Amino acid sequence: MLRLTELKLPLDHTQSDLKAAVLKRMRIAAQDLIDFTVFRRATDARKKSNITLTYTLDIDVRNEGAVLARLTRDRNISRTPDLRYRFVARAPEQSSRPIIIGTGPCGLLAALTLAQMGFRPIILERGKVVRERTKDTWGLWRRSVLNPESNVQFGEGGAGTFSDGKLYSQIKDPHHYGRKVLSEFVAAGAPSEILYVAKPHIGTFRLVTIVEEIRATIEKLGGEYRFQSKVVDLAIGRQQDGARRIEGIVLHDGTHVQSDHVVLAIGHSARDTFQMLWDRGVAIEAKPFSIGVRIEHPQSIIDRCRYGDRAGHPLLGAADYKLIHHASNGRSVYSFCMCPGGTVVAATSETGRVVTNGMSQYSRNERNANAGIVVGINPEQDFPGGPLAGVELQERLESQAYELGGRDYCAPGQLVGDFIRRTPSTALGDVEPSYKPGVRLGDLTRTLPDYAIAAIREALPAFGRQIRGFDRADAVLTGVETRTSSPVRITRDPDTLQSLNVRGLYPAGEGAGYAGGILSAGVDGIKVAEALAQSMLAEQ
């Protein structure tokens, strides 16, 4: 099999056009082409008048060696790499059972990989099964009723379940773990196109079904789920050499579960768990993250700016964007978690706090586009004072937003024009905010530190010069966006992936500070599962 990259065709090409292009580029006759499949398809919209599709193809030809030798100078043709996943271990018959804490993407892929290797993991989730969790989440959005243990952040599937379901990442992945993540999602019911489109996504409703199917697979392989099982403590002992070693966990009802291999796949909002880890002396440190607001525009203006007259083409879908501005005060402002054709959602997990996030369905056909407009912050400059100082900053900002929103989980908002002019907003324009329970207009300057407000105020007109209409006066800002990533890193050894000072404890995923998004979290889950399995076999 040969791989051909950078094959460009017009947006409206046919399958026959694609085949003809393959024959021409490979310099072969039609009878020498056995078959070809699309490995990747990307859109090049840099010229709106000439939007093209760029393909990477895997091609089966007759006399492959001769064809490759003839095209040896073409750097876009090579042998197709082997992307098959190979398990690193197989559990012995009397193996002990590892514990996975958390059922977000990291926990799911760690549990699935361990189950596939025969280790029969025990999976602990503080929240509810995904369909019950969905009902509780809608309870906040529709009735302002928050369940602190079952919401956008906590429950089966993790925070990624209520998101755009983006499945791409910029992480280095030399072992092609990302391909396994996507393949497992397809096996669980995701559309097969996520294997080849350049920016795949699933959307919330489809993610619910996928999460359920993965659970069923894990259980069939001997894994055991325990929902509404919040971990409140760790059992840590000492080994003969004096090193600390995990021996199990303690649940909220006092139940002890023994295991000397525990994956800590908590999400970025498990603040009570961060505190417990700090109290137990587990190595943890503050890390940079970002804070800001959500912005909403009509999706149509983003489509027109990106695609011109081709906006609405079925292969293009709803357009996205990625923006960055380096402000005069030294801060970087950038768009975060952009959701085409989506909604802004209430994403708090704590009573008396307001925080936003973005969500889209697979169709991405809602009226508005939204994205976080956030400012990078770091512990040295912005929240000195210890490993949990970033958590304290998040809590303070979210509490302020709750007060400004009216103390009923409505969010504070302001129109872009008023925000730039430093004038409180009193009425909406044409852009209707999508955040539920609702948005209360006013002045957002009290929701964030002065340096963040100044940087965002400077960035919006700059973004308007990149996307016409981005700084339109009636675009809506909704506060606050604080949970862009974990405010801590639960530090681990780069080789064993175990905690720096508690053997057998594997910090993993976004909550531990080693991932950002569904795909990278899933990849980290596989890596940790492999490290854990190899450790268990070595200790047998």
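Which elements do the buried residues of α7 pack against? They sit against β8 (231-238), β11 (262-264), α9 (389-404) and β22 (488-489). Keep in mind that this is a predicted model. Helix α7 itself covers residues 271-279, and its buried residues are R271, T273, F274, M276 and L277. Just after α7 comes G281, with a positive phi of about 80°.

Now for the sheet. Four strands form an open sheet in the order β2-β3-β1-β4, and the pairing is antiparallel. The edges belong to β2 (33-44) and β4 (77-79); each has a single partner strand, so one side of each has no neighbour in the sheet. On average, and ignoring direction, neighbouring strands are turned by 30° against each other. Inside the sheet, β1 (residues 2-10) and β3 (residues 52-61) pair through seven bridges, antiparallel again, and L7 stands opposite Y55 in β3. Helix α1 (residues 15-26) packs on this sheet and touches β1, β2, β3 and β4, with its direction at about 125° to that of β1.

Then there's a helix pair: α3 and α12 have axes that come within 7 Å and cross at roughly 40°. The crossing is right-handed. Here's who makes the contact:

| Helix | Span | Contact residues |
|---|---|---|
| α3 | residues 105-116 | P105, C106, L109, A110, T113, L114 |
| α12 | residues 518-539 | I518, A521, G522, D524, G525, I526, A529, L532, A533 |

Sorted by class, the contact of α3 with α12 has 11 nonpolar, three polar and one charged residues.

Notes. Residues are numbered from 1 along each chain as its sequence is written. This is a predicted model: local features need pLDDT of at least 70, side-chain atom pairs count only at pLDDT 80 or more; totals for chains, interfaces and linings use all residues. Side-chain values use heavy atoms; hydrogens and water are left out. Axes are lines fitted to C-alpha atoms, for helices over the stretch in contact, and angles run from 0 to 180 degrees between N-to-C directions. Helices (H or I, at least four residues) and strands (E, at least two) are DSSP runs, numbered from the N terminus. A crossing is left-handed if the near helix is turned anticlockwise from the far one by less than a right angle, and right-handed if clockwise. Contact means heavy atoms within 4.5 Å. Ala, Val, Leu, Ile, Met, Phe, Trp, Tyr, Cys and Pro count as nonpolar, Asp, Glu, Lys and Arg as charged, and the others, Gly among them, as polar. Buried means under 20% relative accessible area, exposed over 50%, partly exposed in between (1.4 Å probe, protein chains only). Two strands pair if DSSP finds at least two bridges between them.
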